[in-house]
Protein chains: 2
Amino acid sequence: MTSTFDVCAIGNALVDVIADATDDFLKTHKIAKGAMTLIDAERAAVLYDMIGPAVQISGGSAGNTVAGIASLGGKPAYMGKVKADQLGAIFRHDMHAQGVHFATPPAPEKRQSVKPVEIDRRGGAPTGRCLILVTPDAQRSMSTYLGAAIEFTAADVQPEVIRESQITYLEGYLFDPPEAKKAFRYAAKIVHETERRLSLTLSDVFCVERHRAEFLDLIKNEVDILFANQNELLALYETQDLDKAVAAAREHCAISITTRSEKGAIITRGAETVEVPAAPVARVVDTTGAGDLFAAGFLYGLTHGKTLAEAGRIGAVAAAEVISHYGPRPQVQLSKLLTAA
Amino acid sequence: MTSTFDVCAIGNALVDVIADATDDFLKTHKIAKGAMTLIDAERAAVLYDMIGPAVQISGGSAGNTVAGIASLGGKPAYMGKVKADQLGAIFRHDMHAQGVHFATPPAPEKRQSVKPVEIDRRGGAPTGRCLILVTPDAQRSMSTYLGAAIEFTAADVQPEVIRESQITYLEGYLFDPPEAKKAFRYAAKIVHETERRLSLTLSDVFCVERHRAEFLDLIKNEVDILFANQNELLALYETQDLDKAVAAAREHCAISITTRSEKGAIITRGAETVEVPAAPVARVVDTTGAGDLFAAGFLYGLTHGKTLAEAGRIGAVAAAEVISHYGPRPQVQLSKLLTAA
């Protein structure tokens, strides 16, 4: 079956605001280390006031993944909601500049009284942002203000794009905004009607805790390709036994990928199991985007006729690149890096 | 004479939008390599559409310098104009987060019909930005849309801050917006009334070409501490003979600093001459901010009782840090770096 796109991803469209922080800072401000915590506009403003000088880079988990696929030479599409504001323009530019098809209209302007918060004075929520604090151990701790991302609805799902994509990739984070969850379900329905493949990433341990029952239902009945890191998979199946968790994922999904940081990844497809080592990194600077870029590499490989082992290796190379610098998206052309590797 | 601030800087307040580019791209789009070119809103929008995925970091030449002084442990103040928009909030946050006194009110909202350009739809110019293209040789080529920065006027100069600053530092770029030039002159007047010191950086060769006569007048009559790179100084004095240019600067200003990239810097004070070597850099990634950070280190040293040679060394260390990564501001605490150096 021919397709216009390799992968269509749907996710919360966010701009990352990245700053260094100490472990003490995380403790003082009650930020869960290594996790993603949802915050409201007020908390976002307070927290932003506290953090050091920052760098702004387009992010969003699934957004990073499609940026990676494009950087590898693939043909990705993306759906997600920004506002028609400066951060939204940044997000949109970076998608188009990277070669990602992205046509979701911005959230509408709403006429309402001007709020006193500088960051949000035009009515309606501004483009969402993720405050990422990087500790000296290169771990990232994320506080996400979803903003306009919560206005993504089923009406934003473009059925023709999903029908024209080999794989539709959904981030677990989409289960946080209620309307996005409906969009998620709608997208899954189109995928199955078209006999395309549906892929899900579990996104975050706390996200799994929030939505375990629904995730399990999806995974058992609808998901073809499941991405999780070790902790997310253990949380999903409520076990401390990785073999048991991987066995469950193997049973539930045609393909499962469990990433384990420097220990590499375990990939299953039916009875087949492939272990992929992590690619070497001279110095780990910021782990943001590691999982997103592993998924990018793997999905690129899978949609380009590679074996599981080869697809896993591409994922490992892409992940290694992104953790060697600040920011969640590749800084070099990954296709060239791959040729060199 | 006691002072609240070491240095007060006035400059065009800009957010940098940094992307990689090839030399061919610069040629195709007629971007002067290594220089700063002023562009209008339309050209900014067109150029932005062309460039690759970008990173957004607070910038502005004098803004970078005060950020560096704060990072060294000094007490700087800044004056410059942003809009009350998202980029303006980023600029303001980064100044405050770095410990820079910055109280210039944002440019006022103007009620006018909504424009179709997404980047500029609220009426009045948005926060200015500098599109910085970094070529593989680490050279940066800048296209600046001044935006709200042109709305900085003499009324924005806070005389009490200038009176309370040992040195007032002005960027040559301020001569581009007509109202800022008046503000520049007004600030200079206050400096002299208070018997503080006035410092100027020539900013850019083309900037020197645009304003040579006025710069010469200022330098002969008002500037105590002059910063220039070699090419700017040669352009100012319309000579190819560096010795001659340095001799003229020596005659005109109490202190002159001529930076020469990897060849270090030449500092003069009356009959005294000090040559400072460049600090070693493992790999030059992006030269943006090199001059700004040299000025930061030198001004920090000068306002903390250091010799010319010591002040120059601090400048060299600060410049070396900033060219070792993307972005125009330090990524590490410079005071710690200095202790280690």
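This is a predicted model: local features need pLDDT of at least 70, side-chain atom pairs count only at pLDDT 80 or more; totals for chains, interfaces and linings use all residues.
**Exercise 1. The hairpin and strand β8(A)**

Start from the hairpin of β7(A) and β8(A), where 5 residues lie between the strands and Ala138(A) takes a positive phi near 75 degrees. Your task: find how many residues of β8(A) are buried, and which strands bridge to it.

Residues are numbered from 1 along each chain as its sequence is written, and chains are lettered from A and ligands numbered from 1 in the order in which they are written.

*Solution.* 

Step 1. Strands (E, at least two residues) and helices (H or I, at least four) are DSSP runs numbered from the N terminus. Two strands pair if DSSP finds at least two bridges between them. A residue is buried if 20 or more other C-beta atoms lie within 10 Å of its own, exposed if 12 or fewer, and partly exposed in between, with C-beta atoms placed from the backbone.

Step 2. Follow the bridges. Strand β7(A), residues 127-134, runs antiparallel to β8(A) with 7 bridges, and Val134(A) has Arg140(A) as its bridge partner. Strand β3(A), residues 36-38, runs parallel to β8(A) with 3 bridges; here Leu38(A) is partnered by Thr144(A).

**Exercise 2. The open sheet**

*Solution.* 

Step 1. Write down the order. The sheet has 9 strands, β6-β5-β1-β9-β10-β11-β12-β13-β14 of chain A, and its pairing is mixed.

Step 2. Read off the ends. The edge strands are β6(A) (101-102) and β14(A) (272-276), each of which pairs on one side only.

Step 3. Check one pairing. Strand β5(A), residues 76-79, and β6(A) pair in the parallel sense over 2 bridges, and Ala77(A) has His101(A) as its bridge partner in β6(A).

Step 4. Helix α6(A), residues 178-193, lies across β1(A), β9(A) and β10(A), running at about 160 degrees to β9(A). For this angle, axes are lines fitted to C-alpha atoms, for helices over the stretch in contact, and angles run from 0 to 180 degrees between N-to-C directions.

**Exercise 3. How the two chains meet**

How many residues does each chain give to the contact, and what relation links the two copies?

*Solution.* 

Step 1. Count the residues. Chain A gives 25 residues and chain B gives 25, where contact needs C-beta atoms, placed from the backbone, within 7 Å.

Step 2. Find the elements on chain A's side. β4(A) (55-58) and α4(A) (86-98) are the elements that give two or more residues, and α4(A) gives the most, with 8.

Step 3. Sort by type. Chain A's side divides into 13 nonpolar, 7 polar and 5 charged residues. In this scheme Ala, Val, Leu, Ile, Met, Phe, Trp, Tyr, Cys and Pro are nonpolar, Asp, Glu, Lys and Arg are charged, and the others, Gly among them, are polar.

Step 4. Superpose the copies by least squares on the C-alpha atoms of residues with pLDDT of at least 70 in both. Chain A can be laid on chain B with an RMSD of 0.0 Å by a turn of 180 degrees and a shift of 0.0 Å along the axis. That is the relation of a two-fold axis. In chain A, the C-alpha nearest the axis belongs to Gln56(A), 2.4 Å from it. The same surface serves both copies, as 100% of the contact residues of chain A recur in chain B.
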